[in-house]
Amino acid sequence: MDTIDLRSDTVTWPTDEMRAAMAQAEVGDDVYGDDPTLNRLEAEAAEMLGKEAALFVTSGTMGNLTALLTHCQRGDEVILGKQAHIFRSEAANAASFGGIQLNTLELNPDGTLDLDQIEGAIREDDEHMPRTRLIALENTQGSLFGVPVSAGYTDRVGDFARARGLGLHIDGARIFNAAAALATPASDLVAAADSVSFCLSKGLCAPVGSLLLGDSDFIQEARRTRKALGGGLRQAGILAAAGLVALRRIPQRLHEDHVHACALAEGLVDVPWISVDPTQVYTNMVYLELSPEAPLTVEALAARLLDEYNVQIARNRYSPTTIRLVTHYWVTATDVEQVLRGFRQVLS
Ligand SMILES: Cc1ncc(COP(=O)(O)O)c(C=O)c1O
């Protein structure tokens, strides 16, 4: 990477091994089911997550949309967190394309939803009301410090949903970060879910792609939904080849990114105008507040860090004074020192 880019883990470039695998990938037409590399990726992902089947989609957004469209009919309702990516950052796609209503609840600081509140949000069987169809969780919960959500809690939500005839979807864009932080296999974190999506292209470093997983019937139906969305791909083995390297190599190193995130937070504690709580670093995200009295705005700070220290940061979309730093494969321990030097010198 040319700059030390902390804006997100979506900025990660593919590794040399991924690029080599892409160049040599055996391919076929995936709409005919003929792409051996893509078939391998889907099979390995299903095995790793403990689900019957998997479907390659182009992005996390497409994985979530495909899941919601497959679970729900028009006029159905999904219960999820107010801070969920599906609600805040997916361009109202469930409403635009599926006629699906989102019923949001405030998340607890640990990324969980209260079961009592979910119970209260479930609609009665009444012709005036939407039909509650699905509960959606997010793990890690990106907008809440990237906090990982435990298998125990997810299992409770799964039991709760099943007892009420509802489905459970997990937006597991960063499920392997959660698995690393909790030292729990990713398959345990999603065992209770009817569907889960995760991203190859964030901390796992692949250039493109996400997977949607569930039982075979669900994935067969989701394949139809994906086709309707224009997501039936042809020689996608080129992309899947990078995804296979990502799945096989990267999950076991994600704890390094978490160590770097902690080092960033600890190093920023004493920097003037910055407030940060290192105890709220759970995975690869560090949330900082720049004091409104600081002598420069987040935008001005970002410009100076880039010009003078080759460090890229961005303001949080939802607040003018919040900065989110995200560590990933291309951020080294030396980079962390450079970032800290930059913050200290610009703000002192
Ligand atoms: C929690 C979460 N879910 C879903 C997505 C969507 O992924 P994509 O950008 O690949 O559409 C993101 C993207 O950052 C995310 O953070």
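Guide: Strands here are DSSP runs of E with at least two residues, numbered from the N terminus, and two strands pair if DSSP finds at least two bridges between them. This is a predicted model, where local features need pLDDT of at least 70, side-chain atom pairs count only at pLDDT 80 or more, and totals for chains, interfaces and linings use all residues. Residues are numbered from 1 along each chain as its sequence is written.

Visitor: How do you know that β7 and β8 are joined?
Guide: Five bridges link β7 (residues 195-199) to β8 (residues 210-214), and pairing asks for at least two, so they pair; the two run antiparallel. Serine 197 has leucine 212 as its bridge partner in β8, while cysteine 199 has serine 210.

Visitor: What makes β6 a partner of β7?
Guide: Three bridges join β6 (residues 167-171) to β7, and these strands run parallel. Aspartate 171 stands opposite serine 197 in β7.

Visitor: Why are β2 and β4 said to stand at the edges?
Guide: Seven strands form an open sheet with mixed pairing, in the order β2-β8-β7-β6-β5-β3-β4. β2 (53-57) and β4 (101-105) each have a single partner strand, so one side of each is left without a neighbour in the sheet.

Visitor: What makes β7 mostly covered?
Guide: A residue is buried if 20 or more other C-beta atoms, placed from the backbone, lie within 10 Å of its own. Five of the five residues of β7 are buried: Ser195, Ser197 and Cys199 on one side, Val196 and Phe198 on the other. Both faces of β7 are therefore covered.

Definitions and conventions:
Helix = DSSP H or I, 4+ residues; strand = E, 2+ residues; numbered from the N terminus. Buried ≥ 20, exposed ≤ 12 C-beta atoms within 10 Å, placed from the backbone.
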